[in-house]
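Thanks for coming. I will go through one structure today, starting with a few charged pairs and ending with the chain as a whole.

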Amino acid sequence: MEKTWLTHYPAGVPATIDPDTYNSIPALLEQSLTTYRNRPAYMCLGKTLTFGEIDTLSRQFAAFLRGDLGLQAGDRIALQMPNLLQYPVALFGALRAGLVVVNTNPLYTPREMAHQFKDSGAKALVVVANFAHHVAEVKAETDLQHIIVTEVGDMLGFPKSLLTNLVLKHVKKAVPPYNLPGAIPFNTALARGARATLPPVTLKADDTAFLQYTGGTTGVSKGAVLTHRNILANVAQIAAWMGPGLKPGQEIVATPLPLYHIFSLTVNCLAFSMFGGCNLLIPNPRDLDGFLKELASQPVTIMTGVNTLFNGMLNHAGFSKQTVPHLKFAVAGAMAVQQAVAERWKATTGTALVEGYGLTESSPVVSVNPIDGSERIGTIGMPVPSTEIKLVDDDNREVAPGQPGELCVRGPQVMQGYFNRPDESAKVLIDGWLHTGDVAVVDERGFFKIVDRKKDMILVSGFNVYPNEIEDVIARHAKVLEVAVIGVPSESSGEAVKAFVVKRDASLTEEEVIAHCREHLTAYKVPRKVEFRSELPKSNVGKILRRELREPAKA
């Protein structure tokens with residue numbers, strides 16, 4: 001595919017980046033921690049840590065891991081906590097110790113975490129105390145040798161009970177008891193590390209930095225092997241794309257998505273650190289009242305999130321342009337941005353909701369819309385520097401211009417494969433190209449648009465129907481809050497379209513939704529059935545889970 005996008009790149013964005021400027025993530029961190037030593041790096045619930053403090057604390061944690069616990073370079077350590085100040089301390093400390101980080105969702109069930117711990121072979125774990133009882137249930141099934149438990153209020157100086165209520169309203173307020181003999185408190189680990197010595201650590205660019213587990217949407221959850229070079233390349237690509245619009249040492253980025261998620265990890269935690277940006281950590285964005293209060297308390301210049309979060313903010317009475325008066329732009333990823341949400345965001349805030357696209361398997365960023373105001377709503381933008389995209393059919397042949405095809409990506413940010421799963425790796429890594437499973441089209445300027453995932457495509461009487469298109473239409477109805485569309489069996493057409501809708505206005509009827517669709521969609525795309533729900537199933541980062549709607553669905 002001709003790289004038409006390069007001729008339409010925003011001013012100041014290079015066609016390529018050098019993925020080998022640094023030989024490891026700690027080498028990049030060293031520069032940021034030194035350059036911006038006295039500037040704020042992370043803020044959380046009124047507490048701020050400077051880059052210098054992060055430097056000191058993460059060194060202490062690294063020394064504890066190597067000098068005290070005796071862990072060796074290449075050993076795996078799992079981090080299982082929400083957005084708290086402890087996370088960057090533990091993350092940077094683990095990387096400086098030469099360990100491989102295994103990010104783990106703290107809301108996992110015991111079954112889910114047992115799989116991830118066993119599959120990764122993690123020897124150590126840092127877990128927030130609220131979820132340690134789940135670890136106690138499965139520890140015997142795993143290779144875990146060392147467990148560090150952190151209270152929510154560690155490093156904040158607030159009473160534990162207050163923090164538990166404030167941060168984790170969506171779980172039980174009382175921290176469940178747990179029995180983990182030998183577990184080490186996080187603050188104790190830091191104190192012991194302060195007395196230990198961090199031995200020299202030699203890292204190479206091709207060493208594994210993360211085993212980043214996918215959501216398991218195509219089977220069992222798999223660990224994407226991401227090297228230091230993969231992550232560094234993506235950080236450099238993000239920096240090249242956004243750099244012209246950023247002021248080093250002056251940006252404050254709102255971070256509601258958990259840092260253990262690959263989007264927030266690479267973009268917020270690492271890329272903005274390169275610019276000396278300060279992350280405003282939001283432990284629980286589901287508490288919109290608390291989130292908006294935190295957002296308004298700081299001169300936030302950039303925000304990242306997912307469509308459902310931006311939609312929720314727009315529908316909250318407490319949100320207006322005055323909540324984010326200093327905002328330059330917002331970046332949305334992890335799921336498709338609905339046009340109605342993007343248009344309303346711009347009308348409300350006066351700033352762009354910049355949609356991007358990526359996968360865990362690509363560290364994650366593949367493409368982004370321009371941040372200079374020339375974005376194209378409804379697209380995922382253009383490939384970032386040093387990234388190639390091609391669209392192919394089922395026979396792996398490139399499709400004709402303007403035709404939909406599976407999006408395949410090649411670049412220095414693409415993973416090495418799935419951990420200990422060569423067969424699964426071979427299915428998606430073909431001749432150096434990552435086959436994403438997403439169907440896309442490209443326009444004359446090189447802007448790509450995701451039509452849908454191949455497996456989510458609905459086949460109605462031989463016609464391809466893409467759920468994103470129908471969801472986008474239904475979302476424009478004034479009485480609709482959220483929507484998800486799936487295919488269900490049909491005797492007459494093979495499959496039929498079914499919509500699940502959360503009402504904004506209680507008076508909304510099925511007939512109104514269908515009539516609205518008939519006005520904007522070809523007949524075979526119109527839902528045959530509409531089911532109203534009080535809420536739609538979502539992942540922990542707010543992505544709507546169509547697969548959970550698909551199981552019990554009936555035509």
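**Salt bridges and overall shape**

In this predicted model, R59 and D55 form a side-chain salt bridge, at 3.2 Å from N to O. Both residues belong to helix α2, which covers residues 51-68, and they sit 4 residues apart, about one turn of the helix. R59 counts as partly exposed, because its relative accessibility is 37%, and the buried class stops at under 20%.

D456 and R550 make a salt bridge whose closest N and O atoms are 2.6 Å apart. This one links distant parts of the chain, 94 residues apart: D456 is in the loop between β21 (448-453) and β22 (458-460), while R550 is in helix α16, residues 546-550. D456 is buried, with a relative accessible area of 8%. R550 is partly exposed, at 28%.

The lysine, K498, is buried at 4% relative accessible area; the glutamate, E531, is partly exposed at 23%.

Back to the opening pair for a moment. D55 and R59 are part of a network, joined with E30, R37 and R96 through salt bridges that share partners. In total, the structure holds 28 salt bridges. As a reminder, side chains of opposite charge can pair when their charged atoms come close.

On charge overall, the protein chain carries 55 positive and 55 negative side chains. The centres of those two sets are 4 Å apart.

Now the fold. The protein chain has 16 helices and 26 strands. Along the principal axes, the C-alpha atoms fill a box of roughly 70 × 50 × 50 Å.

Two more numbers on packing. Of the 555 residues, 59% count as buried. Taking contacts between residues at least 6 apart in sequence, 69% join residues at least 24 apart.

Last, the surface. The protein chain exposes about 21,500 Å², and carbon and sulfur atoms supply 50% of that area.

Methods:
Residues numbered from 1 in each chain as written. Predicted model: local features only at pLDDT ≥ 70, side-chain atom pairs only at ≥ 80, totals over all residues. Heavy atoms only, no water. Helix = DSSP H or I, 4+ residues; strand = E, 2+ residues; numbered from the N terminus. Buried < 20%, exposed > 50% of the residue type's maximum accessible area, 1.4 Å probe, protein only. Contact = heavy atoms within 4.5 Å. Areas by Shrake-Rupley, 256 points an atom, 1.4 Å probe, with all protein chains shown as cover. Lys, Arg positive; Asp, Glu negative; His and termini not counted. Charge placed at Lys NZ, Arg CZ, Asp CG, Glu CD. Salt bridge = Lys/Arg side-chain N within 4 Å of Asp/Glu carboxyl O.
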